[in-house]
Amino acid sequence: MQIIQRIGEFHDDLTEWRHDIHAHPELGFEEQRTSDLVAQKLAEFGCEVFRGIGKTGVVGRLRAGNSARSIGLRADMDCLPIEEATNLSYRSQNAGRMHACGHDGHTTMLLGAARYLAETRNFDVAVHLIFQPAEEGLGGGKAMVEDGLFDRFPCDAIFGMHNRPGLAVGKFQIRTGAMMAGGAYFDIAITGRGAHGARPEAGIDPVVTASHIAIALQTIVSRNVRPVDTAVVSVTQIHTGEAYSVIPERATIGGTARCFSKETMALIERNMRRIASGVASGFGATAELDFRIIFPPLVNDATEARFIADVAADLVGGDNVNREGGLVMASEDFSYMLEHRPGAYIQIGNGDGIGGCEVHNPGYDFNDAALPLGASLFARLAERKLACG
Ligand SMILES: [Zn+2]
Ligand SMILES: [Zn+2]
């Protein structure tokens, strides 16, 4: 029997699990109920279960045969701080919490793969099912790696998946090399000298200084980054002042930078530092930059990207796998794991009608029709990578 049919036989169970997780969303590193549910299901299927890796992270291990090979399959478990605006029967029961990025679906797909692999054991030797916490900007992937994930559970290659609204169910999309942007947050603290609003000559105006810095930062992408590289610098905050008649002492600027290589990110930081302090000193003020890299860029290994695309093509047909998908400016913290092991990350269609609502939107929902497809892809990756005999 084809894997997709076999997993399709328990599609109703997958849907039920997904709705249960959806109704009980938990923020990063707070995935208590979710990780309990994952651990309990993994144990039921017959996996060895390891908990507390990266705080609320869970790893399930399945072993069969005696080769030295291993694979890691990864899903994320956390929700977002959004108030759900759907009328679904299984809508969030936790105020201000919502599975608006489909991690409920990702967790369910990996559970589905675990159940199938535990039942069939058609692989040789170790499959590691990695359920990570805190993907949404809190560094759950990094926490698992720093907790010894790959020392305790060696993986020759690792694979992850994210749903893609607007891409039809039954289609997959990937690209080789850099696929998703690395992300940084920055704050610039500007110090001038406060004065009466009617006597600017007595002060150093941080409002004017901050305004000029915000404008000058626009030249990093247009004048410093090579035109063939892709980057964005967005100033998203300027905070200063409280009174009409007071020139304040300080101002702060905040924002985000995104790009596809460490070199470009270093170049952005370097230029931002020079521009901020140079413009400030031109006005007699000072500026301090705090530049924090939150995610490295997500880079797909060429061999493993081809492998996952081939496995997807076996499932849904070659015409339904786009191997040259576009760059994504959003970030994804599976990139931390990919910095330590070769692997690849693929997008799975969430639908262009139902399922078409963008992620991080209060009206979003994961499309249950994709569950057996994602579960089958995860499971086939293990069977193909660790083929018996
Ligand atoms: Zn997200
Ligand atoms: Zn996500």
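**Backbone, metal site and contacts**

A: We may begin with A134, which lies in the loop between β4 (125-132) and α5 (140-146). Please keep in mind that this is a predicted model.

Q: What is phi of A134 near?

A: Phi of A134 is near 50°, which is a positive value in a residue other than glycine. Most residues other than glycine have a negative phi.

Q: Is A134 buried or exposed?

A: A134 has a relative accessible area of 0%, so this residue is buried.

Q: And K55, where is that one?

A: K55 is placed in the loop between β1 (48-51) and β2 (58-64). Its phi is near 60°, again a positive value in a residue other than glycine.

Q: Why does K55 count as exposed?

A: The relative accessibility of K55 is 60%, and the threshold for exposed is over 50%. K55 therefore counts as exposed.

Q: Changing topic to the metals: which protein donors does the zinc ion (ligand 2) have?

A: The protein donors are C101 through SG, H103 through NE2 and H162 through NE2, lying 2.1 to 2.3 Å from the zinc ion (ligand 2). Along the chain, these donors follow the spacing C-x1-H-x58-H.

Q: Which parts does the histidine pair tie together?

A: H103 lies in helix α4 (residues 103-120) and H162 in strand β5 (residues 157-164), so the pair ties together parts that are 59 residues apart in sequence.

Q: Are those two histidines buried or exposed?

A: H103 is buried, and H162 is buried as well.

Q: What does C101 bridge?

A: C101 bridges the zinc ion (ligand 2) and the zinc ion (ligand 1). The two ions lie 3.1 Å apart.

Q: How far is T209 from H103?

A: Their C-alpha atoms are separated by 42 Å, and the two residues are 106 residues apart along the chain. T209 lies in helix α7 (residues 206-216).

Q: What surrounds T209, then, in terms of contacts?

A: Leaving out neighbours within four places in sequence, T209 is in contact with I190, V279, A280, F283 and A285. T209 is buried, with a relative accessible area of 0%.

Q: Next, R258. Where is it, and is it buried or exposed?

A: R258 is found in strand β12 (residues 250-259). R258 counts as buried, because its relative accessibility is 18% and the limit for buried is under 20%.

Q: Which residues touch R258?

A: Neighbours within four places in sequence aside, R258 is in contact with A181, G182, G183, Y185, T230, A231, V232, M329, A330 and S331. One of these contacts is G183; R258 and G183 are 75 residues apart in sequence and 4.6 Å apart in space, C-alpha to C-alpha.

Q: What about N322?

A: N322 lies in strand β15 (residues 321-322) and is partly exposed, with a relative accessible area of 34%. Not counting residues up to four places away in sequence, N322 touches F172, Q173 and I174. From L149, N322 is 173 residues away in sequence and 31 Å away in space, C-alpha to C-alpha.

Q: To finish, the whole chain: how many helices and strands?

A: The protein has twelve helices and 16 strands. Of its 389 residues, 55% count as buried.

Q: What radius of gyration does the protein have?

A: The protein has 24 Å. A compact globule with 389 residues would have a radius near 21 Å, so the value agrees. Along the principal axes, the C-alpha trace spans about 80 × 40 × 40 Å.

Q: How many contacts join residues at least 24 apart?

A: Among contacts between residues at least 6 apart in sequence, 82% join residues at least 24 apart.

Q: And the surface and the charges?

A: The protein exposes about 16100 Å², with carbon and sulfur atoms supplying 49% of it. The mean positions of the 36 positive and 48 negative charges are 5 Å apart.

Methods. Residues numbered from 1 in each chain as written. Chains lettered and ligands numbered in written order. Predicted model: local features only at pLDDT ≥ 70, side-chain atom pairs only at ≥ 80, totals over all residues. Heavy atoms only, no water. Helix = DSSP H or I, 4+ residues; strand = E, 2+ residues; numbered from the N terminus. Rg over C-alpha atoms; globule rule 2.2 N^0.38 Å. Buried < 20%, exposed > 50% of the residue type's maximum accessible area, 1.4 Å probe, protein only. Contact = heavy atoms within 4.5 Å. Areas by Shrake-Rupley, 256 points an atom, 1.4 Å probe, with all protein chains shown as cover. Lys, Arg positive; Asp, Glu negative; His and termini not counted. Charge placed at Lys NZ, Arg CZ, Asp CG, Glu CD. Donors = N, O, S within 2.8 Å, 3.2 Å for Na, K, Ca; no water.
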